[in-house]
Amino acid sequence: MALRMWASSTANALKISCASKPHLSFSRCFSTVLDGLKYAESHEWVKHEGSVATIGITDHAQDHLGEVVFVELPEPGGSVSKGKGFGAVESVKATSDVNSPISGEIVEVNSKLSEAPGMINSSPYEEGWMIKVKPSSSSELESLMSSKEYTEFCEEEDASH
Amino acid sequence: MIIPQTRNIGLPMMNLMRFKGLPILQQLQIEEQLLRTSSENWCIINDGTNDPTIVMGVSGKPAELLEIESVLRDQVPVIRRFTGGGTVIVDNGTIFVTFICNKEAVPDLQPYPRPIMSWSSTLYSKVFQGIGDFNLRENDYVFGNHKFGGNAQSITKNKWIHHTSFLWDFDVRNMAYLKLPKRAPAYRSARGHLDFICRLKDYMPRSIFIDKTVEAAGTQFSLRSLKSEAIETCSKTEFCPSTRFLTNEELEAAAVAGQ
C-alpha cells in the first residue's frame, strides 16, 4: 500500500482492546497486526499456505485510507512483481496503488470486492483479501517483515511524523 | 512574480507550468504521465479549458452520474480520469491547479488522502486569507457551506497528486447534465447543484487568484517556471495514460445497462 503509518484518532485506539483473539499481536500503534503473516513496508500482508500466497492490505492501511469505494484488481493468469503495483483502491477522493510484496503468478482474484469493496475496511485480513499468487521465490517471502517487525516499523513511522 | 532568492534556500524544487485554455484531456494525460514517470515535483495551472467537458473519477458510473440522453444529444465529451473522486463539468470558467509531489517534498506530511487534503487547505488558506469564509469542508473547498473547489488525488509508491477544479464561473445550463450523486458529503444536505456551489469570481479576481496561488506555493517550494514546450518533450515517451474519452457506444451501453 502506498501509505505510511498515521497516528489514529481516539476511536481507532479502541481496537487495541480486542484481546479475545489469541492470534492478535498487541501493538502500540492503533490497528490490528496478525501473527503468522508477513508484511511489506508499503503496508500489504502475505499469508503463505502451501503453494499459494494470499495478499491484501493491512488494517493500518485501510484505516488510513478511509472508506474504500472501489477496488481495481488484475486478471487471474497474470503475474506480479515484488514491489510493483498490481491494483488500486479508491477511497473518497483518492486512488492509491497496491503493491505486491512478492513475485509470482496470479491464480485467483477476490471478485467479491467489486460488489463489496468495503470488505477491505471491515475484514482486511480475511474477506478483504485481494489476490492469491503462486510465489516464484521463497527468498522474497523470507525477506518480508514478521508481525513483530511490522508493528515496530509502524511505531517508528508514526514517531517520525 | 519575483520571489526573493534568499527565501528559496533549502526549499524543494518544483516545476511550475501555466496554461490557458489547454484541453482538459491533454492536461489530465500530462498529469498522469508526470505522476508515473517524472521524479520531479510539479505545479500545473490551467486557466480555463476551451470546450465544456464532463470529467468523471476513476470508478464513475455514467448512468448513475450523468443525464446520458442529454449528454449524447448535445455531444458533450465525457472523460474518465485517473484520480478518484466525483464528477464535474468544466469549461472556460474553470481554473485547474495541480500539485504532483514526491513523498519527501513536504516535510512531515504522511502521503495518504487525509493529510494531503489537509495540507492543501493550509496552502489555500494563505490564498483566501481575509476572503470569504474559506474552509475545507469534508473534501471540498467552500466559502461558508457553498462549494467552489473540488479535489481528487492519486497516490503511488513514491509520489502523490492532488488536483483541484475551481469554479471561478460556471454556466447554469451545464449543471443539467449531471445527476445528484449517490455519494455526497453530509454537509451538502441534499441541496441541488445551484444551491450547493458558488462562484469564485464573486470573491476574487481571476488573475489575483492565480497569482496568490503561485505565491502560496512559493512559500513551500522553490518554483521554476517552465514553458509549455517542455511538456512536448515529456509526451514523447512511451507512457500510455489511462485517462480517456468515453465513446458514444460506451455511454449508450451504460444507459441500457443502468451502470
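Predicted model: local features only at pLDDT ≥ 70, side-chain atom pairs only at ≥ 80, totals over all residues.
Among the contacts in chain A with a separation of 6 or more, 65% are between residues 24 or more positions apart.

In soluble globular proteins, nonpolar side chains tend to be buried together. The largest nonpolar core here has 37 residues, and the members that touch the most others are B:Phe99, B:Tyr124, B:Phe128 and B:Phe209. Several elements of chain B give two or more residues each to this core: the strands are E1 (13–21), E2 (42–49), E6 (94–102), E8 (140–143), E9 (146–155) and E10 (159–167), and the helices are H4 (113–127) and H6 (206–218). B:Phe99 illustrates how such a member is surrounded. Residues up to four places away in sequence aside, B:Phe99 touches B:Met14, B:Trp42, B:Cys43, B:Trp119, B:Leu123, B:Tyr124, B:Trp160, B:Ile161, B:His162 and B:Ala217. Another core, of 24 residues, lies apart from this one and includes A:Ala40, A:Ala61, A:Val89 and A:Met119.

The two chains also meet each other. Their contact draws 28 residues from chain B and 24 residues from chain A. About 2,100 Å² of area is buried between the chains, and carbon and sulfur atoms give 52% of that area. On the side of chain B, B:Gln110, B:Tyr112 and B:Arg114 supply 27% of the area buried against chain A, more than any other three residues. Between the chains, 12 residue pairs are in polar contact. H4 and E9 of chain B each supply at least two residues of the side that touches chain A. The largest share of that side, five residues, comes from E9(B). Sorted by class, the side of chain B that touches chain A has 10 nonpolar, 11 polar and seven charged residues.

Side chains of opposite charge can pair when their charged atoms come close. Across the interface of chain B and chain A there is one salt bridge. In a salt bridge with an N to O distance of 2.7 Å, the side chain of B:Arg36 meets that of A:Asp97. Over all chains, the whole structure holds 13 salt bridges. B:Arg36 belongs to helix H1 (residues 24–37) of chain B and A:Asp97 to strand E9 (residues 94–99) of chain A, so this pair joins two chains. The two partners can also be described by their accessibility. B:Arg36 counts as partly exposed because its relative accessibility is 41%, between the limits of 20% and 50%. A:Asp97 has a relative accessibility of 9%, under the limit of 20%, and therefore counts as buried.

Other salt bridges lie within chain B. B:Asp140 pairs with B:Lys147, their closest N and O atoms being 3.4 Å apart, and both of these residues are buried. A further salt bridge joins the side chains of B:Asp169 and B:Arg199, at 2.7 Å from N to O. This pair links distant parts of the chain, 30 residues apart: B:Asp169 is in the loop between E10 and helix H5 (193–196) of chain B, and B:Arg199 is in the loop between H5 and H6 of chain B. B:Asp169 is partly exposed, with a relative accessible area of 21%, and B:Arg199 is partly exposed as well, with 23%.

B:Asp91 lies in the loop between strand E5 (88–90) and E6 of chain B. Its relative accessible area is 9%, under the limit of 20%, so B:Asp91 counts as buried. Apart from its neighbours within four places in sequence, B:Asp91 is in contact with B:Gly48, B:Thr49, B:Pro52, B:Asp169, B:Asp171 and B:Asn174. One of these contacts, B:Asp169, is also the partner of B:Arg199 in a salt bridge. The C-alpha atoms of B:Asp91 and B:Gln26, which are 65 residues apart along the chain, are separated by 14 Å.

Definitions and conventions. Residues numbered from 1 in each chain as written. Chains lettered and ligands numbered in written order. Heavy atoms only, no water. Core = buried A, V, L, I, M, F, W, Y, C linked by side-chain atoms within 4.5 Å. Buried < 20%, exposed > 50% of the residue type's maximum accessible area, 1.4 Å probe, protein only. Helix = DSSP H or I, 4+ residues; strand = E, 2+ residues; numbered from the N terminus. Contact = heavy atoms within 4.5 Å. Buried area = accessible area lost by both parts, 1.4 Å probe. Salt bridge = Lys/Arg side-chain N within 4 Å of Asp/Glu carboxyl O. Polar contact = N/O pair within 3.5 Å; in protein donor to acceptor, adjacent residues only side chain to side chain. Nonpolar A, V, L, I, M, F, W, Y, C, P; charged D, E, K, R; others polar.
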